[in-house]
Amino acid sequence: MHRDQPPLGIVSAMPGIAWPALPGGPGAAILAILFQLQQTQWWPADRIMQAQRRQLAALLDHARAEVPFYAGRLPAGLPDPADAEAWEATWRTIPVLTRDEIQAADAGETLLAHQLPPGHGEYREVFTSGSTGRPVRAVRSQVWELVWSAFTVRDHLWHRRDLTGTMAVIRESGHGKAAYPDGDAQQGWGFSSAGLFESGRLVSLNVTTPADRQAEWLARQDPDYLLSHPSILMRLAAETHAAGLRLPRLRQVIAIAETLRPAMREAIEAAWGVPVIDIYSTREAGYLALQCPDHPQHFHIQSEGVRVDVEHPDGRPCAPGETGRVLVTPLHNLAMPLIRYDIGDAAEVGPPCPCGRGLPVITRILGRRQNMLRLPGGGRRWPLLSSGDLGALVAAVPVLRQYRIVQTAVDALRLEIAAARALSEAEAIAAADWARAKFGAGFAVTVQGLDELPRSAAGKAEDFVCEVPDTP
Ligand SMILES: [Zn+2]
């Protein structure tokens, strides 16, 4: 804890106890995790990895016994966690899990555990596509959500946020929710801090709001913190500057969900005069890496919550300075264990961080870029699909393996769908209806069935491509 850390007020749930506070059930569990995270971040790297191996052994034991997909896929046993070399060699024999395999397994629900150990709570489901256009259903346990909350708070602590301030959030909110001009407002910063920490207002606006209105809304909220996607932040910074709007209280900007390229960071910081803090997380695997509080160019892998392997195509681990594909294994989701899952990103491994934290470092995250949608009436919109959108698309076309949306003209979209067989007429109509409902009736939509979708020049599958040239 830094000396200049803003005070952190804990809410007592116990009648008659005001101080020191005694929080309720989930809050107490989050605090128990946080207390350990405050110590483990300073452990030497090998001690962190050895502790992580103990948790991975528990995860693999569970997956072997309860998850049909993993029967026969995992080694019968793992070496002693203290024997790093033997353990790591055995770990790397586990096949990489692909999105295709998750989709195929999901049809028979073979990736879901028959049962959860006592205390892990209920199954919760979300849909995600990353930026790859392959929708995947992820199912998590309530215990996993508690761990996720603890890492949310770790990021607040690392970046010394004053939780009593106002947090403004612009991201996908579900159709029709958090709509302009009012957006949505609540007391408390959400699930991870509500009921546990004394926190200020959380105000949110739907990401589909046009940029000029986002800027106007933001100036009215006068927030201390702003959280959104880098592409949205870039446009907002330009809009607020052009409109002469000021954000006098703003202390920090938090970037999520897309790659924050160095030029974007510089432009946003220059426009508002505050630091940008980047977060590397995914819907299906949670927090992967958080920006170091002391070295902004370093991202610390959140090794207490997730195993991240950065590997060459032949399976060799990448050394500092080398770039490879990112394989993730969330440590605590026993509902639908993802083991060595290729999330479709590439990252560059960094050297140990001079801050003294033993958590491994990555220095660059590549390949999570998306285009903006051009609107028929002028302006642009972020085309990101929410979990609900993806669920609706899969419901419309159950055989869908992958999709891609191509904007071919200002008023025309082509929805490309790769599927196990040719689409029926009813499926093609349902898919076109879905696209018009999502993007607006002003678009002419054509649906094209394909065996395989093309990839970008960088070799990356993108789920949205705008082919309309920029006009000044
Ligand atoms: Zn560091």
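Helices (H or I, at least four residues) and strands (E, at least two) are DSSP runs here, numbered from the N terminus. This is a predicted model: local features need pLDDT of at least 70, side-chain atom pairs count only at pLDDT 80 or more, and totals for chains, interfaces and linings use all residues. Residues are numbered from 1 along each chain as its sequence is written.

**Whole chain**

Switch to the C-alpha trace. Along its principal axes it spans about 60 × 55 × 45 Å.

Colour by burial next. A residue is buried if 20 or more other C-beta atoms lie within 10 Å of its own, exposed if 12 or fewer, and partly exposed in between, with C-beta atoms placed from the backbone. Buried residues make up 40% of the 472.

Then look at contacts. Two residues are in contact if their C-beta atoms, placed from the backbone, lie within 7 Å. Of the contacts with a separation of 6 or more, 64% join residues 24 or more positions apart.

**The start of the chain**

Select Trp19 and Pro20. A cis peptide bond joins them, with omega about -10°. Pro20 is in the segment before H1.

**H1 against H5**

Select residues 25-40 for H1 and residues 142-158 for H5. Their axes come within 9 Å and cross at roughly 55°. Axes are lines fitted to C-alpha atoms, for helices over the stretch in contact, and angles run from 0 to 180 degrees between N-to-C directions. H1 is therefore oblique to H5. Angles under 35 degrees count as roughly parallel, over 145 as roughly antiparallel, 65 to 115 as roughly perpendicular and the rest as oblique.

The crossing is right-handed. A crossing is left-handed if the near helix is turned anticlockwise from the far one by less than a right angle, and right-handed if clockwise.

Show side chains at the contact. H1 brings Pro26, Ala29, Ile30, Ile33, Leu34 and Leu37. H5 brings Leu146, Val147, Ser149, Ala150, Val153 and Arg154. By class, the contact has 10 nonpolar residues, 1 polar and 1 charged. Ala, Val, Leu, Ile, Met, Phe, Trp, Tyr, Cys and Pro count as nonpolar, Asp, Glu, Lys and Arg as charged, and the others, Gly among them, as polar.

**Two positive phi values**

Go to Glu109, in the loop between H4 (99-107) and S1 (123-128). Its phi is near 55°, a positive value in a residue other than glycine. Glu109 counts as exposed, with 12 C-beta neighbours inside 10 Å.

Now pick Arg160, in the loop between H5 and S3. Its phi is positive too, at about 50°, and Arg160 is not a glycine. With 14 other C-beta atoms within 10 Å, Arg160 is partly exposed.

**Val139 in S2**

Select Val139 in strand S2 (residues 136-141). It has 18 C-beta neighbours inside 10 Å and counts as partly exposed. Leaving aside neighbours within four places in sequence, Val139 is in contact with Leu112, Tyr123, Arg124, Glu125, Ala335 and Met336.

Move to Tyr180 and Pro181. The peptide bond joining them is cis, with omega about 10°. Pro181 lies in the loop between S3 (167-171) and S4 (184-187).

**His295 and its partners**

Select His295, in the loop between S9 (286-291) and S10 (299-301). His295 counts as partly exposed, with 16 C-beta neighbours inside 10 Å. Not counting residues up to four places away in sequence, His295 touches Cys353, Pro354 and Cys355. The C-alpha atoms of His295 and Pro354 are 8.1 Å apart, across 59 residues of sequence.

**H9 against H10**

Finish with H9 (residues 387-396) and H10 (residues 425-439). Their axes come within 9 Å and cross at roughly 160°, so the two helices are roughly antiparallel. This crossing is right-handed.

Asp389, Ala392, Leu393 and Ala396 in H9 meet Glu427, Ala430, Ala431, Trp434 and Lys438 in H10. The contact has 6 nonpolar residues, no polar and 3 charged.
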